[in-house]
Structures are given as C-alpha cells and as structure tokens.
Amino acid sequence: MKYYVLYILLFYSYSVWGQVVIPNDEAKIDNSAELKIYTSVTSSKGVLIPQLTSLQMLKINSPADGLMIFNSSDKTFEFYNLDSLSWDRIGRISTYTTALSPPLVKFNGECYFNINTKTLFYWNAKTSSWVQIPTL
Amino acid sequence: MKLIGELLFVMIKKILYTVLVLSLSVSSFAATITAKAGGGDWNSGATWDLGHIPLVTEDVVIPTGITVFSTTGVSIYNSISVSGILNISGGDFIVSGLRTITINNGGIINVTGGKNLSFDSNTAPGAVLNVNAGAILNISGGVIQTNTWNSRYIYNYGYIEVGLSINIDILYIYNYNTGTMVVHGDIQGGGSHMWIYNYGIFTVDMSTILYKTNFYNYSTARFMVFGDITLGEGSTFNNSGLVQCLNFIALSNYTDFFNTTGTLIVINNFSTAAGRCPGYSTNLGTFYYGSVTSLDLYCYNFLTSTGKIITPGRRIWLSSDFIGYGLQSDGYVIDKWFDLANNYGFKMKEDTYKPTLRNSLASNVNFNPVVSFSGGQKHMDLDGNTLFAPTKGLAMFSVIVPTSGSTGKAFICDYGLNPTYGFGLGYSTTNAYSYTPTNSSGAENQITAHGRSTKPTLLSHTTLYGTALNQNLGISDGSLSSINTTLTNLTTIDDPEINNAANSDGTNGPFTIGAASSNPSTDDFEGTIAELIVYATKVSTNVKNATESFLALKYGVTLDHDYLTHDSVIYRTYDVTYKYDVAGLGREDYNFLHQRKSKSVNSGAELTVSTALIDNTQFNQKSITTDIAKTLSFLVWAHNGVALNNRIYKFSDYDFNQDSYLQFSIAGLTATTKLIVADDEAFTQNVYTISPTSFNDPNIVYKLPARYNIDITKARYCAILTAGAASTPGVIISSVAPPSIENTAELRVYSTDKGVLLPSIADPSSIVANPPTGLIFFNSTHNRFMFNAGTPASPVWKFVGAPLSQTSTEMSASPGFYLGEIRYCNNCTPKAMWLWNGTSWKALKHD
C-alpha cells in the first residue's frame with residue numbers, strides 16, 4: 001500500500017479509496033472502519049501523522065474542521081476547531097460559561113472549567129450533578 | 001520643581017489670557033493700518049493704506065509678500081502683526097506700552113546694524129511677543145533688553161536669533177517644541193529675574209553666564225552651549241532634558257541646581273565654588289564629565305562617583321541632524337556647522353563652496369537629514385585651526401552616501417598631504433581608504449568599495465601608536481569587510497607629521513571636510529555626509545564598537561558585532577542566525593540619539609518600526625512626536641535571512657518599555673494577515689497573534705505592545721502568518737464520493753458511518769526500536785491512545801491528553817496552554833494537581 005501512496009504523490013494528484021486496510025489485507029477489513037491500520041504483535045509499529053512546528057501549524061491556509069497534526073514544538077496532538085477558529089490540544093478540558101452550561105452527554109470523571117467563576121467541575125454520575133473541585 | 005514650573009506656566013497663561021482680553025477690548029477701539037502692496041519705507045505715508053505713518057493708537061499689519069523697512073528704528077505702541085518682512089536698522093525695535101507683536105508663519109523681522117529689541121519704560125505688564133511656527137525674529141547684532149521691570153512674554157514656536165545677549169528684567173521666554181533660539185551672549189535677568197522655559201532647541205554659540213535667570217529645560221529640550229555655562233548669581237538651573245557645554249562653572253551665589261531626570265554633558269570641566277555642591281542625593285541625574293573641580297572632598301567624590309567620566313572625548317563630531325541653528329529645511333545652505341564635540345565651528349568663506357542641508361524623503365538616511373557635498377567642489381574647513389593626534393592614536397568614523405566622482409581619491413576629511421603627511425578618510429569610485437603619514441611610518445589602508453553600492457556606508461578607522469602598533473579600516477554597507485595593517489614606528493601625528501605649512505595651499509584650511517586639504521579642486525568627495533566623528537587619540541575596542549553601534553542604529557546600518565552604549569552596556573548581542581537587516585529604535589542622550597523610527601538601509605529590507613503610527617510621508621525623526629520615554633532604552637531587530645514567507649524576526653529589547661508599530665512592506669498580504677509573536681523561535685512560549693492596525697497594500701502595520709522589565713537575555717520573535725498556498729490534496733479514503741476536497745489534509749478519511757482504526761498494541765515494549773517522536777497507537781491494555789512524547793533513543797510513552805508532570809520551576813515559567821488545564825506538580829508542596837485559571841496556577845484540593 002505504501003507504493004500506492006508513492007504513486008499518487010508522483011503524479012501530483014489525489015485519489016479516492018474505499019475501506020482501506022494498511023498493510024493491504026482484505027481479510028482484515030473491519031466493517032466499521034473506513035481506514036484500518038494494523039500491526040504485528042511482536043514487532044509493533046504505530047502511525048505517524050504530519051509533524052508541524054507551531055509556526056507551520058499556524059500558517060496552514062484555512063484549515064479544515066477537525067484537521068489533526070502533531071505539534072513538534074510542543075509535542076502534542078492538536079486539531080483545528082472551526083467554531084473557535086483555533087487550534088486545540090486533543091484531550092483539553094472543555095470550557096463553558098455560567099450562562100452556557102456544559103452539554104448533557106456526561107460520563108463519570110468528565111471535567112469542565114467555568115470561565116466566569118474560574119473553577120473546575122467534574123461529573124458525578126452517582127449524584128447526577130456537576131461537582132466543583134475546590135482549590136486549596 | 002518641574003511641577004512648580006508648570007503650575008507657574010498655567011498661572012501665567014491665565015494672567016495672560018486676562019491681559020489679552022483686556023488688551024483686545026482696548027485695541028478694539030484702535031484703527032488698523034496695513035502696508036500696501038509693494039511695501040516700502042515705514043516712515044513714508046505712501047507705504048500705508050491710510051496714507052500716513054502708523055500712529056501710536058493704530059494696529060499695524062504687514063501682509064504676506066510685503067516688505068517694509070525703517071532706517072530709524074520702529075516703536076510699537078499698539079500691536080503689529082507681520083506676515084511679510086520688516087527690516088529695521090538705524091534705531092531699536094521698541095515695544096512701548098501694553099502691546100502685542102506677532103510674527104506669523106513666513107513672516108520675518110530683521111533688526112540689524114547692532115540695534116536692539118527693547119521693551120521700554122512705557123511697556124505695561126503683559127506685553128507679548130509671539131513668534132509663530134515658521135516665523136523668524138533676527139536681532140543680528142543687538143540684544144533683547146528692558147529698561148524697567150515689568151512682566152513681558154516671548155512665546156517662540158519659530159526661530160529667534162539674538163546677536164548679543166538677553167538683558168531682561170521680568171521676562172518669561174517660552175521656547176516651545178518647534179522653537180529654536182540662538183543667542184550669541186549672556187542670559188541675564190535683572191533685579192527681578194528672568195524665566196526661561198525651554199521645550200525646543202536653545203543654542204548659545206559661545207560661553208554664557210546665567211545671571212538672575214531661572215532656566216527650565218524640559219524633557220523634550222536641548223540646551224546646547226558651544227562654550228561654558230556659568231551658573232551665576234541668583235540663578236536656577238533645572239534640567240530634565242539634555243544640556244551640553246564645554247565647561248560648567250557653578251559660582252558660590254547661584255540659587256539652585258536640579259538635573260534630576262535630565263542629562264548634563266560637560267565635555268571638559270565641571271567646577272563648583274567652595275561650600276556649594278550642585279549635585280546631591282538624587283538630583284544629579286545623568287551626568288557626564290571630563291573632569292570635576294571642587295574644594296569639598298565629599299562633593300568631589302559624590303560628583304565623580306555618581307557621574308560618568310568621558311574618556312576619550314570626541315575631538316570632532318559633526319551631525320547632520322544638528323547643524324546648530326535648528327533650521328531643518330531642505331536646501332538650506334550651511335554657513336556654519338556646529339561641532340557637537342564643542343571644539344570648532346566649521347565655517348565657509350565663499351558661498352560657492354558651501355555644502356547644503358538635505359532633508360527630504362529622497363535623500364534622508366533612516367529618517368535623518370544629511371549634508372550634500374555634491375558638485376562644485378563643496379567643502380568646509382576649520383579655518384586656521386589645527387587637529388593633531390599627538391598621543392596614543394587616532395580614530396575616525398563617518399556615515400556617508402557616496403554618489404559618483406573622480407576615480408582618484410575623494411576625501412571625506414583630510415589633513416595634510418595624502419599619503420606622505422597627515423591623515424584622512426576617503427571614499428572614491430574605486431576604494432574606501434584611510435591613511436596616516438607614510439613618511440612617519442604610517443600607512444594607507446584601502447578596501448575596494450565603490451562597486452559595492454552607493455548606499456549609506458559606515459566607515460571606521462582606528463590607529464594605535466606604541467607597542468601595539470596597528471591600523472584598521474572597516475566598512476559596513478550591508479556587507480562588511482575590514483583591512484588591518486601592522487605599523488612599524490608611528491608614535492605621533494603632530495606638526496611635523498602633518499607638515500601643514502608645506503602642504504596646505506594657503507587658501508583652504510588645514511583640516512578639510514569634503515575635499516583634500518591640499519587639492520580641493522580635484523579630490524573632492526561626491527555624495528552626502530551624515531555624520532563624522534574623530535577621536536584624536538586611541539579608542540578601546542569598546543569605544544570603537546560603541547561609536548559604530550550608535551552610528552549604525554541611527555542610520556540603519558547592519559553591524560557584525562554586539563551593539564553597546566557609550567558606557568559599554570550591551571543592548572543587543574550579536575546573533576549568528578538573526579544577523580540580517582539589523583535596525584533599531586533607541587535613545588542615548590550622551591550621543592543625542594533619539595531614533596523614533598527606523599528601517600534598515602539595506603536593499604530589500606521590508607520592516608519599518610516606529611514609536612508612533614507609521615506615516616510614510618514622514619522623513620525626519622523630529623516630526624514623530626511620540627518620544628522614547630527614557631534614555632538608554634533600545635529596541636533592535638533583525639531577521640534570519642530566509643525567504644519572506646518563512647522569515648522570522650528577532651526583537652531584542654533593552655529596557656524599551658513602550659509600544660511600537662511594525663510596518664512590513666510585502667506584496668501579496670491581505671487585511672486579515674496576522675503577526676505571530678512569541679518568546680522563542682519555535683513559537684511555543686507566550687504565543688499570541690496580532691491583527692493588523694492598518695493595511696494599504698503592500699504596507700501592513702501591527703502594534704507591538706510594550707513588554708515591561710525585559711532584559712537582554714530575552715527576545716521576542718515575530719513572523720507574518722502568510723497563509724501558505726493552497727496545497728495539493730493528499731489521499732482521500734472513502735467508500736462514497738466525499739462532499740469536498742480538503743486541501744489542508746494529506747490524508748482524509750471520509751465516512752458518515754465508519755471510523756478509523758489505528759494499530760492496536762497491548763504493550764509498547766513490543767514496538768520496534770527507535771520509535772520516532774509523535775508515533776501514535778491504540779493501547780489495548782488501557783484502551784487509550786498513546787504516543788511517544790520522548791525521543792527515538794529514549795521513548796516516553798504518554799496517553800494522549802494526559803496532564804503534564806512538571807517541577808514547580810517549570811510550572812512557574814510556563815503559563816497554562818489553555819483555561820482549565822491541569823498539571824501535576826511533582827516537587828511542589830503539596831504534590832498535587834494544579835489548575836490554570838487564566839492568571840495563576842491553583843492547587844486543587846486533595847485528601
């Protein structure tokens with residue numbers, strides 16, 4: 001499959017593929033995955049996504065919503081948030097205001113930061129409420 | 001004291017207003033008499049529209065374009081408003097009664113023949129002389145005087161020259177920012193004193209005595225005395241601006257001395273009478289001196305330890321931005337060029353050889369005027385004065401813009417007969433060169449130069465006598481080069497080495513600027529000279545570099561070494577990466593440096609920085625009204641030399657506590673192009689983006705906010721966020737036709753019902769050796785994504801989104817990346833999770 005990618009770049013165009021498995025092995029297709037990358041158990045490999053410095057990241061011309069890169073300056077994964085027009089770290093804590101409260105989709109241990117009160121909350125499923133984590 | 005001065009100013013204004021209203025109400029009964037077209041004799045009725053000589057009750061008007069003269073003096077009883085020219089000789093210009101004299105923009109009053117401006121005994125309190133911006137009052141050979149005490153006011157926004165002294169009882173002189181006053185004598189209040197409030201330029205071209213005078217020199221002001229200042233009986237010296245003189249003599253009976261926030265430069269000797277110590281506690285301010293004389297040991301120790309000694313002193317210092325008379329108009333033919341080193345006045349004898357001041361968009365160098373020596377063998381000299389370098393060595397520095405000229409030698413300055421006798425500095429169509437007398441074991445240094453360019457060029461020559469015999473010539477004009485010569489036996493440059501008598505042509509002075517002293521007709525320099533500094537002694541490496549730094553900063557020339565002040569304080573460290581198109585803003589009162597706007601003079605430089613909103617029609621520093629707040633503050637920038645779209649600029653600020661405006665002239669930007677600023681060149685620390693203040697293709701302006709208390713180890717990096725060209729899309733993986741092509745993605749996986757699976761690994765230790773930083777996989781043991789946050793050699797596997805673990809030092813140095821970020825502090829008390837609330841880290845409560 002690597003050779004396909006090389007081929008595409010050589011001809012300076014793009015191509016559309018459906019349900020790709022890397023390395024190419026149709027037996028490994030998973031119906032729920034548009035793209036599946038697998039690796040051997042004993043000699044494992046991961047995935048590299050584009051690595052950009054902060055400056056290179058900020059210079060991307062009109063990034064797509066959800067575009068993901070690895071920020072090599074900060075060693076962190078970031079995605080473009082088209083709502084806030086900013087690059088956000090994957091895994092960052094959400095922020096809300098008192099007026100605009102967090103969404104109802106909650107799970108145990110989910111946190112958010114209230115910008116108005118400058119305080120941190122976590123979701124307590126047992127009591128079904130947001131609980132403030134006090135500072136010392 | 002400044003506050004008191006200002007209060008007084010307000011009070012005076014109020015009184016003045018009342019007086020003016022009173023005056024107007026009285027004057028309203030008076031008739032107006034106006035000079036007719038063609039002008040003529042004041043004392044002829046035919047000159048005036050009312051057909052008679054002006055009466056004491058009449059208000060006189062001389063309109064624009066009309067010249068009136070009087071050979072018997074003029075007395076003004078009511079008022080006079082001059083927009084044309086009034087030439088007075090044969091008698092004084094007498095202000096009598098309660099009157100207002102106004103010289104309007106373009107108007108001139110000349111009082112010649114040794115006659116005076118007199119406020120006579122009939123002058124009531126409140127008589128006012130207004131010299132508006134663009135107006136001239138020239139009392140060429142006389143004084144300003146009063147016969148009796150009463151309050152009189154001079155408000156100068158233009159130009160006043162007084163041939164002799166000012167002898168006044170109760171006079172208030174306000175010399176505002178745009179005003180220049182030139183006095184050729186003493187400044188003497190009468191029994192009831194005189195007050196001078198200077199906000200502009202006040203020049204005395206000889207020694208002067210302050211007698212019963214309170215001299216307030218405000219922060220924008222320069223009080224330049226080309227001679228000594230004697231602080232005499234009943235006088236107060238209150239400086240918060242810049243004062244320079246040759247010697248400063250404080251007599252025993254002066255009243256007060258304050259230099260608290262000012263800079264006082266005494267080139268030679270500062271002396272004070274027994275029992276009087278002008279400087280005490282904090283009121284000495286910034287004080288430079290050649291030597292100090294005081295009978296009081298305590299005072300001597302205080303003055304010498306608080307002040308800064310000048311060593312070595314400049315022997316010649318000619319600067320185009322201070323010809324002396326404050327006239328900055330383009331084309332002004334220079335009669336005399338004041339030597340800021342306070343040793344010489346450079347004067348020309350014949351009009352045809354006088355150089356010309358150039359002050360225009362086309363000729364100025366880094367927003368500073370220049371003096372043109374082009375055409376007609378323009379040159380100037382020291383009259384009969386000599387300039388030897390008898391001990392230790394010699395150093396010459398000059399900033400020039402060469403144009404064309406002979407292929408032979410062309411002298412910027414010359415003394416003696418090159419190269420056998422004397423010394424000089426030159427720049428011809430072929431070479432830059434300098435020389436010391438070859439028949440006394442001196443040498444000539446040459447650098448092939450003119451082919452390089454005709455752009456602003458900094459030349460620097462140093463000679464050392466004695467055991468470390470050495471001579472160096474350096475040139476900076478965008479590229480840099482220098483040549484070093486080892487001398488054999490040069491020990492002095494004095495009369496025999498110059499051989500003045502044998503080699504001067506007799507009509508031109510021995511020391512010449514703009515041509516050879518022995519042969520000005522052929523070896524004349526073509527181009528403009530912005531500045532010339534000569535030390536008639538050796539200079540240390542620090543002084544050499546400091547002098548070059550000052551000139552380079554002022555004229556936008558790029559140097560290849562540290563930038564430092566006269567006091568050897570480094571304000572910009574040489575940076576091997578960021579070394580291109582260096583320019584800066586800065587203020588250093590000792591050098592009269594106040595650079596409010598700068599752009600590298602190198603071709604292709606695209607960045608202009610100013611303390612104020614950038615107006616591209618402004619070509620002179622002095623028209624920029626936003627000052628640099630304090631002396632010894634600098635903002636210097638350079639870039640890394642890569643292509644414009646990836647260029648990074650480094651700003652080194654040294655105590656520069658104010659906003660600045662950055663204008664980039666780059667084609668192809670848009671009104672939304674932003675500037676990114678950070679503490680590091682990777683743009684990770686204190687990153688913020690700035691939207692343009694204005695955009696007028698190709699000029700885009702950003703405001704760079706002040707950052708306080710920064711030291712030299714810190715710098716800011718800026719880059720323009722020029723959006724890259726839309727990229728070629730990469731690979732799309734999708735079972736259906738995607739709705740759009742995302743040019744910013746190398747890989748796009750599109751689906752509305754499927755996801756992506758990354759390699760699922762149970763244990764990172766199974767990953768092959770040397771995994772690159774950023775390698776990501778799904779950890780199936782913990783059911784979380786993991787990546788290498790370390791290096792290939794020593795991987796650190798972290799969960800994506802995991803809080804950072806840092807020391808307290810690391811945390812205090814780094815604010816949160818986002819509101820609500822949580823970090824673990826691994827050496828804090830308590831070792832706890834900490835929350836970033838936007839302003840500080842707060843420890844979260846724990847058991």
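Buried area is the accessible area (1.4 Å probe) that two parts lose on being put together, summed over both. The legends below describe a predicted model.

View 1. The area buried between the two chains is about 5200 Å². Carbon and sulfur atoms give 69% of that area. On the side of chain B, Thr744(B), Leu757(B) and Tyr818(B) lose the most area to chain A, and together they make up 12% of what that side buries. By contact, 69 residues of chain B meet 59 residues of chain A.

**View 2. Polar contacts and residue classes at the interface of chain B and chain A.** The rule finds 16 residue pairs in polar contact across this interface, with both residues at pLDDT 80 or more. Zero salt bridges are found between the two chains. The side of chain B that touches chain A is made up of 43 nonpolar, 21 polar and five charged residues.

**View 3. Strands of chain B that touch chain A.** Several strands of chain B give two or more residues to this side, among them β63 (716-720), β65 (747-750), β66 (755-757) and β68 (776-779).

**View 4. Strand pairing between chain A and chain B.** Strand β3 of chain A, residues 33-37, is joined to β66(B) by three bridges. The two strands run parallel. Within this pairing, Leu35(A) stands opposite Val756(B).

**View 5. The enclosed strand β15 of chain B, residues 152-156.** Five of the five residues of β15(B) are buried, so the strand is largely enclosed by the rest of the structure. In a regular strand the side chains alternate between the two faces of the sheet. Both faces of β15(B) are covered. Arg152(B), Ile154(B) and Asn156(B) are buried on one side, and Tyr153(B) and Tyr155(B) are buried on the other.

**View 6. The strands paired with β15(B).** Strand β12 of chain B, residues 127-131, runs parallel to β15(B) and is joined to it by five bridges. In this pair, Asn130(B) stands opposite Tyr155(B). β15(B) also pairs with strand β18 of chain B, residues 171-175, in the parallel sense over five bridges. There, Asn156(B) has Asn175(B) as its bridge partner. Asn156(B) is also one of the buried residues of β15(B).

Definitions and conventions: Residues numbered from 1 in each chain as written. Chains lettered and ligands numbered in written order. Predicted model: local features only at pLDDT ≥ 70, side-chain atom pairs only at ≥ 80, totals over all residues. Heavy atoms only, no water. Contact = heavy atoms within 4.5 Å. Salt bridge = Lys/Arg side-chain N within 4 Å of Asp/Glu carboxyl O. Polar contact = N/O pair within 3.5 Å; in protein donor to acceptor, adjacent residues only side chain to side chain. Helix = DSSP H or I, 4+ residues; strand = E, 2+ residues; numbered from the N terminus. Nonpolar A, V, L, I, M, F, W, Y, C, P; charged D, E, K, R; others polar. Pairing = 2+ DSSP bridges. Buried < 20%, exposed > 50% of the residue type's maximum accessible area, 1.4 Å probe, protein only.
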